[in-house]
Amino acid sequence: MNICNKPPNKTAPENLGEAVPEVQVQRARRNGWSWPLHLFQIIAWLLYLFFALVGFGILVPLLPRHWLPAGYICPGVCFIYHLVVHLTAVSIDPADANVREKNYLGPLATFNRNQHAHVIENHHCHVCDVDVSAKSKHCGTCNKCVCGFDHHCKWLNNCVGERNYWLFLNSVLSAILGLGLLLLVACYVFVEFFVDPAMLRSDRHFDALKNHTDRWFVFLPAAPVATRASAILVTAGIFILLSLMTVILLGHLLTFHIYLMWNKLTTYEYILQQRPQQEAKEVDKQLESCPSQV
């Protein structure tokens, strides 16, 4: 149906001279370390380093002495666990078993839509050129079939499928727990700075600075570096804002995946379910904007 008498979009070349291949020959990606790295992946590692350095190098050492063991151990375990599961989720190859058995990193076949309506037909992928399981989907970014495909995660720079889905969830959960604990520490330090700064100067390096309340130390106790109170406040404030935003976004992501597991859906299946509703709404909007003769 031609809505609003608009000319149809050109879907094929008018002459053979304009014909070009639909999909150029590409190479598949093995895991999240395959080139090119994604910008979100780099941002994720920079944030991890920032939270670890500021949290354990500046904020936790300012806790009272009787809180120091818990301040290091509780969020420290979460950060180490997150590092392990995150690295594993990035490094694992989520491809279908039959795809992994062949040398799929070389040039792949060019998909010809004139011969096949879909990349995967009758459990056979025409790009990977292997038979795949019923739950496998072909990822356009990684250019390979992924078993139990859920979604392609830009933060991991890797597909999330049957082989690394639980690692992905554990990575999100451990990040929320670790950041949440450090957020409590940062809020305590920020508030105590105005209520009773002496409570934050329990380390022995502050004994020589009793008469210099504006001078502070960071990276205690191993490598103390002198700084001013304003620097501590600004750093704690930035840490609180960034960690709060990150915890909210990760919490929303975790809640969404809990909803998916409750309804026994993957992210891919959820998007497919939402697509007809969105298309129907778009058609309704177009009809409302059309002249009455339509």
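1. Helices α2 and α4 are roughly antiparallel to each other, because their axes cross at roughly 155 degrees and angles over 145 count as roughly antiparallel, under 35 as roughly parallel, 65 to 115 as roughly perpendicular and the rest as oblique. The two axes come within 8 Å, with α4 spanning residues 165-195. Axes here are lines fitted to C-alpha atoms, for helices over the stretch in contact, and angles run from 0 to 180 degrees between N-to-C directions. Helices (H or I, at least four residues) and strands (E, at least two) are DSSP runs, numbered from the N terminus.

2. A word on what you are looking at: this is a predicted model, where local features need pLDDT of at least 70 and side-chain atom pairs count only at pLDDT 80 or more, while totals for chains, interfaces and linings use all residues. Residues are numbered from 1 along each chain as its sequence is written, and side-chain values use heavy atoms, with hydrogens and water left out.

3. Back to α2 and α4, whose crossing is left-handed (the near helix is turned anticlockwise from the far one by less than a right angle; clockwise would be right-handed). On the α2 side, the residues in contact (heavy atoms within 4.5 Å) include Cys74, Cys78, Tyr81 and Val85, and on the α4 side they include Leu167, Ser171, Ser174 and Gly178. The residues of this contact divide into 14 nonpolar, seven polar and no charged. For these classes, Ala, Val, Leu, Ile, Met, Phe, Trp, Tyr, Cys and Pro count as nonpolar, Asp, Glu, Lys and Arg as charged, and the others, Gly among them, as polar.

4. Next, α1 (residues 39-59) and α2 (residues 68-91) pack at an angle of about 165 degrees, with their axes 12 Å apart. That makes α1 roughly antiparallel to α2. The crossing of this pair is left-handed. Among the residues that meet are Trp45, Tyr48 and Phe56 in α1, and Tyr72, Phe79 and Leu83 in α2. By class, the contact of α1 with α2 has 12 nonpolar, five polar and no charged residues.

5. The axes of α1 and α5 cross at roughly 135 degrees and come within 11 Å. That makes α1 oblique to α5. Here, too, the crossing is left-handed. Phe50, Val54 and Ile58 are among the α1 residues in the contact, with Ile232, Phe239 and Leu242 among those from α5. This contact has 10 nonpolar, four polar and no charged residues.

6. The "transmembrane region" annotation, from an unreviewed UniProt entry, covers residues 42-63, 70-92, 172-195, 216-234 and 240-262. Do keep in mind that UniProt positions are given in the numbering used here, feature names are shortened, and annotations may be inferred rather than shown by experiment. Residues 240-262 are 100% helix and 0% strand, with end C-alpha atoms 32 Å apart.

7. Some backbone details to check. Most residues other than glycine have a negative phi, and most peptide bonds are trans. The peptide bond from Leu220 to Pro221 is cis, with omega near -5 degrees, and Pro221 is found in the loop between β8 (215-218) and β9 (225-228). Another cis bond runs from Trp35 to Pro36, with omega near 5 degrees; Pro36 sits in the segment before α1. His123, not a glycine, has a positive phi of about 60 degrees.
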